[in-house]
Amino acid sequence: MSRIFVKGNEAIARGALDAGCRCYFGYPITPQNEIPEYMSRVLPGIGGQFVQAESEIAAVNMLLGAGACGVRAMTSSSSPGISLKQEAISYMAGSDLPGVIVNISRGGPGLGDIGPSQGDYFQAVKGGGHGDYRQLVLAPASVQEAYDLTMLAFELAFAYRNPVMVLGDAIIGQMMEPISQREPVHPDPDESGSWRLEGSGERKPRVIKSLRLAEGSLGDHNLHLQEKYEKARRECRHEEFLTQDAELVVVAFGSIGRIVKSTIRRLRQEGYRVGLLRPVSLYPFPSSALQELAGQGRRFLTIEHNLGQMVEDVRLALCGQARCGFYGHLPGNLPTPDDFEEPIVKAMKERK
Amino acid sequence: MEEVLAYKSPDILADTPTHFCPGCHHGIVHKLLASCLEEAGLARRSICVAAIGCCAFIYNYVLVDSLEAPHGRAPAVATGVKRSHPDSFVFAYQGDGDLASIGLAEIMHAANRGERISVIYVNNTVYGMTGGQMAPTTMVGQKTTTTPGGRQAQTDGYPMQMAEIMAGLRGVRFAARVAVNNIKNLKKARKALFKAFEVQQQGIGLGFVEFLAACPTNWRMSPVEANARVAGDMIHCFPLGVFKDETPEER
């Protein structure tokens, strides 16, 4: 295992390559440019393909095409560019196509700024495109996790034949940390053998599409998709930190989860019994872990780098079983552990 | 008496009644495409990228591995297919609203990159399946459901001449406009398809063939009248011809 010191964006690119990604399609946008830049340096030398597309729309449609050929491929962008990719993500979901989409999100809405924000939670988790579909969403909280979860994203995309998003932010993308690189994965060449397009040869031609006009066929396809999403629940991942004796459990994801952890360490020293639940998979959402803690009488506070998105899923999971407060850090401002002390202490002092 | 096989339908052309309207040219283009793919020995390693609208249904008739692209995005999807699976023969099948309006960025840049793909572009001057609205190719004066008084150049602009535009891009190695309204034109169309296939096979760039096609239903015409319109107004507005041929034998 080699130890290297890299930016989060480079870790994502390396994770993709170590997961067997051989095609990258992208369009420049801050703060994720190190991903296409790294890919453009490395991919051609290892027999891969790098295409700087004319737009985010074209890039994600190239991903759709590569996915249909059963090739491990990726696109990346940041918030406004991810909005443009939603159409194709819906088509990929509707056509059972794998692909990895990275969003190093920035502040919005609109052009917003290029600073960190978690304002894309709804878009990522609820489906920013049309139709009744889901994409799996993984949210790294460190550069190491950015690398690891990107590798995992490829496994999940092909296991479920579904788009998978890695949702980071400007903090994760731009920060440098040491990471341990794993042994590269050599995907089974047959992993897509039963469905991919490659020219029909001697078999019957295959059609990959999302148009379903025959009576009942769209309904049946939607049931098939729901069954797939149900199966994907087993991919739920979360981290718990000092929850065992906690009166208050803070729920926070990604970089904010990481920063809140520092606040919690400090508050523990002052005697506050506070813990952290950090969803690692945002879809599927770790609802049962929350329910378990609620059953043990914990109270909750959701902290996000937006003005209240994931908190809706936390409250939905808790279903009235326990209270959950909310503290939102404004987009564009880089939060420090200090920023979360007061809201956590305040939530702890509130009576049940 | 010895039996002589006078005609054999291409193996990859589905043996099924067509759902297209009477007088529609899609079926003729499908058959021509199927026979050319077979004759060129490309059918078994072909991947078709179908666009939306009436074009989408090509996979019900031309039986090769096929993929459906979002509206206008077929050249980008085909880029992803060809780049990830370079041994395959890749063609996109798009209509005029798809290619020349919503998908203009995708076709221009796939062409400019010289993607090793073949683009079959069927221009019938209207949004067909959607019900006959104005397309970027609607002729000046032509009535559609959104130009009830006829297309006005002053407010609606001019019909886009894609074959000529494509020929102007360096990544394109073959660009032609053809028609299938009579046998003579059909034969020229056949030649053009082979050339478009050839530039992909040679790995030198993109091949583009624009087909002028009739849409009698949305033109509110009989099949015979529609065919006559192709021969008259349409060829007048969209001249047939080869606008670029950089196949090795022509260079």
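This is a predicted model: local features need pLDDT of at least 70, side-chain atom pairs count only at pLDDT 80 or more; totals for chains, interfaces and linings use all residues.
The contact takes 35 residues from chain A and 28 residues from chain B, and on the side of chain A that touches chain B the largest share, 9 residues, comes from helix H3(A). Elsewhere in chain A there is an open sheet of 5 strands with mixed pairing, and both chains hold residues with a positive phi, among them Cys319(A) and Thr125(B).

- On the side of chain A that touches chain B, at least two residues each are supplied by strand E2 (23–26), strand E3 (49–52), H3, H4 and strand E9 (207–208) of chain A.
- Just after H4(B) comes Gly114(B), which takes a positive phi of about 65 degrees.

- Helix H3(A) is mostly covered, as 13 of its 13 residues are buried.
- The 13 residues of H3(A) should span 18 Å at 1.5 Å a residue, and this agrees with the end C-alpha atoms, which are 18 Å apart.
- H3(A) is followed by Gly70(A), whose phi is positive and near 70 degrees.
- H3(A) and helix H4 (residues 79–94) of chain A pack with their axes 8 Å apart and at an angle of about 30 degrees; angles under 35 degrees count as roughly parallel, so that is how H3(A) and H4(A) lie to each other.
- The crossing of H3(A) past H4(A) is right-handed, and the residues that make the contact include Ile57(A), Val60(A) and Leu64(A) of H3(A) and Leu84(A), Ala88(A) and Ile89(A) of H4(A).

**Strands E2(A) and E3(A)**

- E2(A) and E3(A) run parallel and are joined by 4 bridges, and in E3(A) the bridge partner of Tyr24(A) is Phe50(A).
- From E2(A), Cys23(A) and Phe25(A) point one way while Tyr24(A) and Gly26(A) point the other way, and all are buried.
- In a regular strand the side chains alternate between the two faces of the sheet.

**The open sheet of chain A**

- The strands of this sheet follow the order E10-E12-E11-E14-E15 in chain A; strand E10 (238–241) and strand E15 (324–328) stand at the edges with a single partner strand each, so one side of each is left without a neighbour in the sheet.
- From one strand to the next, the twist averages 20 degrees.
- Helix H9 (residues 254–269) of chain A packs on the sheet and touches E10, E11, strand E12 (274–279) and E14 of chain A, and the direction of H9 makes about 170 degrees with that of E12(A).
- Strand E11 (residues 248–251) and strand E14 (residues 299–304) of chain A pair in the parallel sense over 4 bridges, and Thr302(A) in E14(A) is the bridge partner of Val251(A).

- Most residues other than glycine have a negative phi, and most peptide bonds are trans.
- The peptide bond from Gly108(A) to Pro109(A) is cis, with omega near 0 degrees, and Pro109(A) is found in the loop between strand E5 (99–105) and helix H5 (121–126) of chain A.
- Another cis peptide bond joins Tyr283(A) and Pro284(A), with omega about 0 degrees, and Pro284(A) lies in the loop between strand E13 (281–283) and helix H10 (287–295) of chain A.
- Cys319(A) is not a glycine but has a positive phi of about 50 degrees; Cys319(A) lies in the loop between helix H11 (310–318) and E15 of chain A, and is exposed, with 11 other C-beta atoms within 10 Å.
- Thr125(B), also a residue other than glycine, has a positive phi near 70 degrees; Thr125(B) is found in the loop between strand E4 (118–123) and strand E5 (126–127) of chain B, and counts as buried, with 30 C-beta neighbours inside 10 Å.

Note on methods:
Residues are numbered from 1 along each chain as its sequence is written. Chains are lettered from A and ligands numbered from 1 in the order in which they are written. Two strands pair if DSSP finds at least two bridges between them. Axes are lines fitted to C-alpha atoms, for helices over the stretch in contact, and angles run from 0 to 180 degrees between N-to-C directions. Two residues are in contact if their C-beta atoms, placed from the backbone, lie within 7 Å. The expected span of a helix is 1.5 Å times one less than its number of residues. A residue is buried if 20 or more other C-beta atoms lie within 10 Å of its own, exposed if 12 or fewer, and partly exposed in between; C-beta atoms are placed from the backbone. Angles under 35 degrees count as roughly parallel, over 145 as roughly antiparallel, 65 to 115 as roughly perpendicular and the rest as oblique. A crossing is left-handed if the near helix is turned anticlockwise from the far one by less than a right angle, and right-handed if clockwise.
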